[in-house]
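Please keep the sequence and the model in view throughout.

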Amino acid sequence: MPPIPTAVRQRRERTSLPAALVKLAALTALLALAGCASPPPNRLSPPNLFISPSGAPYRALNGQAYPVADWFAQVDRDHDGAMRRAEFDADADGFFGELDQNGDDAIDGAEVHRYETLVAPEIVAFSSKTGLGAMGAGSGKRGAGGGKGGKARGGRGGMRGQVQGQAASQISQKVAQAQKRYMAAPKGAALFSVLGDPEPVRAADANLDWRVTREEWRAATRVRFKLLDTNGDASVSLGELPATPVQRLLEYSGASG
Ligand SMILES: [Ca+2]
Ligand SMILES: [Ca+2]
Ligand SMILES: [Ca+2]
């Protein structure tokens, strides 16, 4: 294939959104479409993953049932179809023990790092600070700069610069709109969870000292159960749990049974 002339390449770069941001916008749009009646225009396949309120990942192959039921079945230890407070606490305590590798009754920075890289790496892969989010922020700044340059030129060149500036400004606006949708969309673990914590382990660090103590963990667990027990009867059924954003998307697109 012959090399693309520099001018053409630059024009393409100015007039096309970064591919990653387009993918991101598509995922956001599909998440929004998940509640609509007609099928989506194309299929993205996010991981068939459920992240428990405490942050434990449950995975299944695409096409298999969404694994929220796997989590619920092991939390509901007496198998009566009701997740009681004590069962929820025991589940959270068990996961705390898995994360507290050195057994000092706290999850420290290294243990959080292990959680985010080995136990549930999807959280970082789908977070706002890496990958798609960071690329989107950079692209917006480049677009704004292009608009300014167009206005600075005079004569016919100035006209062309102005048109290019307007095009760049429109791209900037599209990038800004995509970023706005992205910022409003759930991120990290929240995509796979019935609660909205992007990182449920860090979220339990109430005093922000980079250590999640057992006390902080139990306080977070109490809050989480309250949030799930929407009718306040100290019991939560599987049907009482809202669908996660990715669960809605997978079920809607037929990628989850
Ligand atoms: Ca039970
Ligand atoms: Ca520890
Ligand atoms: Ca703490």
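Which residues of the largest nonpolar core touch the most other members? They are Phe50, Ile51 and Phe192, in a core of 37 residues; a nonpolar core here is a set of buried Ala, Val, Leu, Ile, Met, Phe, Trp, Tyr and Cys residues joined through C-beta atoms within 7 Å. Two or more residues each are given to this core by strand E1 (49-51), helix H3 (68-75), H4, strand E4 (106-107), H10 and helix H11 (245-253). H4 provides the largest share, five residues.

The model is predicted: local features need pLDDT of at least 70 and side-chain atom pairs count only at pLDDT 80 or more, whereas totals for chains, interfaces and linings use all residues. Residues are numbered from 1 along each chain as its sequence is written, while chains are lettered from A and ligands numbered from 1 in the order in which they are written.

The secondary structure of the chain consists of eleven helices and six strands, which are DSSP runs numbered from the N terminus (helices H or I, at least four residues; strands E, at least two). Of its 257 residues, 30% are buried, a residue being buried if 20 or more other C-beta atoms lie within 10 Å of its own, exposed if 12 or fewer, and partly exposed in between, with C-beta atoms placed from the backbone.

Phenylalanine 192 is in contact with Leu49, Phe50, Ile51, Glu122, Thr244 and Val246, leaving aside its neighbours within four places in sequence; contact requires C-beta atoms, placed from the backbone, within 7 Å.

Helices H4 (residues 85-99) and H10 (residues 214-228) pack at an angle of about 140°, their axes 10 Å apart. Axes are lines fitted to C-alpha atoms, for helices over the stretch in contact, and angles run from 0 to 180 degrees between N-to-C directions. H4 and H10 are therefore oblique to each other (under 35 degrees is roughly parallel, over 145 roughly antiparallel, 65 to 115 roughly perpendicular, the rest oblique). The contact involves Arg85, Phe88, Asp89, Ala92 and Phe96 of H4 and Arg214, Trp217, Thr221 and Phe225 of H10.

Alanine 234 counts as partly exposed because it has 13 C-beta neighbours inside 10 Å.

Notes. Two residues are in contact if their C-beta atoms, placed from the backbone, lie within 7 Å.
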